[in-house]
Amino acid sequence: MAKNKLAERLSHVDDAGRARMVDVSAKEATLRRAVAESFVCLSRKTLSLISAGKLPKGNAIETARLAGVVAAKRTSDLIPLCHPLLLTHIDVHAETRSTGVRFLSTVTCSGPTGVEMEALVAVSVAALTLYDMVKAVEKAATIEGIRLMEKTGGKSGIFRRSR
C-alpha cells in the first residue's frame with residue numbers, strides 16, 4: 001500500500017509513516033462523556049486497615065481518588081498523541097468491595113475529540129496511587145480490569161460495554 005494511502009486510512013500516521021497528532025481543527029465541538037473503571041485486588045487485612053484509617057501513608061482512598069482527577073487533567077502530557085482538552089467535569093469514585101477497590105471515573109467536555117483517554121488515565125493513576133499507598137502492608141496487591149465502560153458524543157456515537 002502506498003504511503004499516502006496508509007496515511008489516509010490511519011489517522012495517526014503521516015505520509016512518511018511517522019506518528020502524528022490528528023488535526024481536529026475543523027471538527028465541531030460536541031458534548032463528550034466517557035466512563036472507565038479499574039480494580040485493585042487487596043487482602044481483607046489491607047481492606048480493614050483502609051476502612052479503619054490505619055494505613056501508614058494515611059487516607060489511601062481519598063489520595064487515590066484525587067490523584068485520578070489530577071491525572072485526567074494531565075492526559076495530553078502523558079499520552080503523546082492526545083489533544084489537550086478543556087475538561088468540564090471529572091469524577092473519580094472509589095467503591096470498596098470484598099476483594100479490593102473499584103475505581104470508576106466519569107469525564108466530560110464539550111470539544112472536537114473524545115475523553116476516553118482521560119477517563120482511562122484517571123482510573124489507571126487512581127489504581128497506581130492506591131497501590132503506592134498500600135505497598136508497605138501488601139506488596140502483592142494487583143491492578144486489574146482497566147477498561148472503557150461507556151462513551152458518548154462525537155461521530156462514532158454511543159459505546160456501552162455489556163456487563
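Leucine 42 is in contact (heavy atoms within 4.5 Å) with Leu47, Ile50, Thr99, Gly100, Val101, Leu130, Val134, Glu138 and Ala141, leaving out residues up to four places away in sequence. This is a predicted model, so local features need pLDDT of at least 70 and side-chain atom pairs count only at pLDDT 80 or more, while totals for chains, interfaces and linings use all residues. Residues are numbered from 1 along each chain as its sequence is written, and side-chain values use heavy atoms, with hydrogens and water left out.

Leu42 also turns up in the largest nonpolar core, which has 32 residues; Leu42, Val101, Phe103 and Leu130 have the most contacts inside it. A nonpolar core here is a set of buried Ala, Val, Leu, Ile, Met, Phe, Trp, Tyr and Cys residues joined through side-chain atoms within 4.5 Å. Buried means under 20% relative accessible area, exposed over 50%, and partly exposed in between, with a 1.4 Å probe and protein chains only. Two or more residues each come from strand E1 (30-41), helix H2 (44-52), helix H3 (60-73), strand E2 (87-97), strand E3 (100-111) and helix H5 (116-134). The top contributor is H5, with nine residues. In soluble globular proteins, nonpolar side chains tend to be buried together.

## The chain overall

The chain has five helices and five strands, taken as DSSP runs numbered from the N terminus (helices H or I, at least four residues; strands E, at least two). Read from the N terminus, the elements go α-β-α-α-α-β-β-α-β-β. The C-alpha atoms fill a box of roughly 60 × 30 × 30 Å along the principal axes.

Of the 163 residues in the chain, 39% are buried. Take the contacts between residues at least 6 apart in sequence, and 68% of them join residues at least 24 apart.

## Helix H3

H3 has 14 residues and reaches 20 Å from its first C-alpha to its last, close to the 20 Å expected at 1.5 Å a residue; the expected span is 1.5 Å times one less than the number of residues. Asparagine 59 caps the N-terminal end of H3, with a side-chain oxygen 3.4 Å from the backbone nitrogen of isoleucine 61.

Which residues of H3 are buried? They are Ala60, Ile61, Ala64, Ala67, Gly68, Val69, Ala71 and Ala72. Their cover includes H2, helix H4 (75-78), E2, E3 and H5.

## The sheet

Five strands make an open sheet in the order E2-E3-E1-E4-E5, with antiparallel pairing. E2 and strand E5 (159-160) sit at the edges with a single partner strand each, so one side of each has no neighbour in the sheet. Two strands count as paired if DSSP finds at least two bridges between them.

E2 and E3 pair in the antiparallel sense over 10 bridges and form a hairpin with two residues between them. In that pairing, valine 92 has serine 105 in E3 as its bridge partner. E1 and strand E4 (residues 142-152) are antiparallel over eight bridges.

## Around Glu150

E4 and E5 pair in the antiparallel sense over two bridges. Their hairpin has six residues between the strands, and glycine 153 there takes a positive phi near 95°. Glutamate 150 lies in E4 and stands opposite arginine 160 in E5.

Is glutamate 150 buried or exposed? It counts as buried, because its relative accessibility is 16%. Its side chain makes a polar contact of 3.5 Å with that of arginine 160; a polar contact is a pair of N or O atoms within 3.5 Å, where within protein one must be able to donate a hydrogen and the other to accept it, and residues adjacent in sequence count only if both atoms are side-chain atoms. Setting aside neighbours within four places in sequence, glutamate 150 touches Arg33, Ala34, Val35, Phe159 and Arg160.

## Cysteines and an exposed loop residue

A search of the whole structure turns up zero disulfides, a disulfide being a pair of cysteine sulfur atoms within 2.5 Å. Cysteine 109 is buried, at 1% relative accessible area.

Alanine 26 is in the loop between helix H1 (3-9) and E1, and counts as exposed at 82% relative accessibility. Alanine 26 and proline 112 are 86 residues apart in sequence but 8.2 Å apart in space, C-alpha to C-alpha.
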